[in-house]
Amino acid sequence: MSSTDNIYCAKNRLSAFLTAGHSFVSYRLPGEDLAHGFIAGNSESFALEDFSMDQYEGSFIVAPFDSSKRALSLSPTGKTEQFSFSHEIPAPGKNKLVHPEEEPLERQSYSSAFSMIKEAMDRKIADKVVLARRMEVSDVPSHVLPYVFEQLCRSHPNAFVYFIDHPDVGRWMGASPETFLEKDGSHLKTVALAATRNSNVHSEDWNLKELEEQGLVSVFIDEVLNEFNINDFEKDGPSPVRAGEMIHLRTTYRFEADDLKASTGQFLKALHPTPAVGGYPKDEALQLIQKAETFDRGLYSGFLGPVSRDAFRFFVNIRCMQLVDDAAILYLGGGLTRDSGEEHEWKETQLKAGTLLSVLHSVKQNYCNESTHLR
């Protein structure tokens with residue numbers, strides 16, 4: 001995307017956007033020191049299989065989890081700006097981070113969904129299903145959100161951090177560690193990322209459940225590449241990769257764009273969603289998710305990212321939250337296999353919630369009235 005020579009303070013610029021009621025997109029790519037942002041105009045919807053770089057150059061793509069629904073292209077009304085981050089780093093909270101109290105019905109709902117999926121897997125309907133749930137955090141006023149975005153950028157330098165607000169998609173923010181599909185010149189890259197451990201208890205010995213969970217994502221990507229007759233590709237992994245307080249297993253795939261004889265849009269349609277957020281086999285797992293989950297995932301576990309002249313960078317929308325009526329709705333998922341235990345999987349969703357909760361907690365302690373707290 002083109003940009004101006006001016007560099008603005010991220011929190012000041014985003015605060016101005018919010019105050020003025022502008023629709024906007026802001027994002028920071030992994031490893032970059034500056035973020036990018038623009039005021040967004042009208043969106044354009046399109047079917048995934050119709051995506052092309054030429055048509056959507058300079059825009060930001062947002063695709064929901066449900067691949068049967070249309071994706072959206074958000075385009076700038078003017079030039080894309082660059083945002084810097086303030087040097088002030090909030091001091092760590094003095095108190096231990098406490099998860100918000102959740103309604104017992106949420107735990108019961110998760111238990112029912114877990115049992116339904118586990119029973120289906122025992123009948124060998126599917127080998128892996130990603131079960132998601134939501135966690136609501138109250139008292140997250142809009143004026144703290146630019147600070148939250150800045151701190152996510154500082155605390156997760158290797159994640160794709162974004163903050164978008166548009167009437168056609170809502171208000172969302174996240175810090176994703178997972179590449180979906182990238183194109184840089186003539187090269188394409190995708191990854192199989194799955195299995196989760198707390199970094200404090202990491203060892204080199206991954207158990208069979210973790211290896212199977214990650215392996216099924218790799219099997220699926222192998223199958224998609226084979227479907228498109230892409231045989232000459234580099235495959236590196238699986239190997240551990242740190243994402244905040246968690247460690248995952250990742251396998252990286254690289255291949256030449258010329259080897260993709262079909263359109264990029266057709267490849268996106270076949271690849272999304274991978275078993276990292278859906279399951280395996282794909283269609284059977286998605287049917288189970290639709291039956292078990294009591295909410296629409298929306299943008300959670302979809303993908304999003306910018307398109308430029310000869311590149312695009314799309315990331316899976318995990319570690320994300322939807323921002324509605326001064327509340328943050330966190331979306332949390334975990335991959336279930338036949339060896340999964342309900343309590344362990346529930347605790348994994350709580351671990352994943354920490355990525356956003358810790359930042360919300362710190363920002364609210366340091367920038368808000370002392371009486372405002374996570375409940």
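Strand 2 (residues 24-28) runs antiparallel to strand 8, and the two pair over 5 bridges; pairing here takes at least two DSSP bridges between the strands. Helices (H or I, at least four residues) and strands (E, at least two) are DSSP runs, numbered from the N terminus. This is a predicted model: local features need pLDDT of at least 70, side-chain atom pairs count only at pLDDT 80 or more, and totals for chains, interfaces and linings use all residues. Residues are numbered from 1 along each chain as its sequence is written, and side-chain values use heavy atoms, with hydrogens and water left out.

**Strand 8 and its partners**
- Tyr162 of strand 8 is the bridge partner of Tyr27.
- Strand 8 also pairs with strand 9 (residues 170-176), again in the antiparallel sense, over 7 bridges.
- Those two strands make a hairpin with 3 residues between them, and Val161 has Ala175 of strand 9 as its bridge partner.
- Strand 8 (residues 160-166) is mostly covered, with 7 of its 7 residues buried (buried is under 20% relative accessible area, exposed over 50%, partly exposed in between, using a 1.4 Å probe and protein chains only).
- In a regular strand the side chains alternate between the two faces of the sheet.
- In strand 8 both faces are covered: Phe160, Tyr162, Ile164 and His166 sit on one side, with Val161, Phe163 and Asp165 on the other.

**Helix 3**
- After helix 3 comes Lys124, with a positive phi near 65 degrees.

**Thr349**
- Thr349 belongs to helix 8 (residues 342-367).
- Thr349 counts as buried because its relative accessibility is 0%.
- Leaving aside residues up to four places away in sequence, Thr349 touches Arg133, Leu332 and Gly333, where contact means heavy atoms within 4.5 Å.
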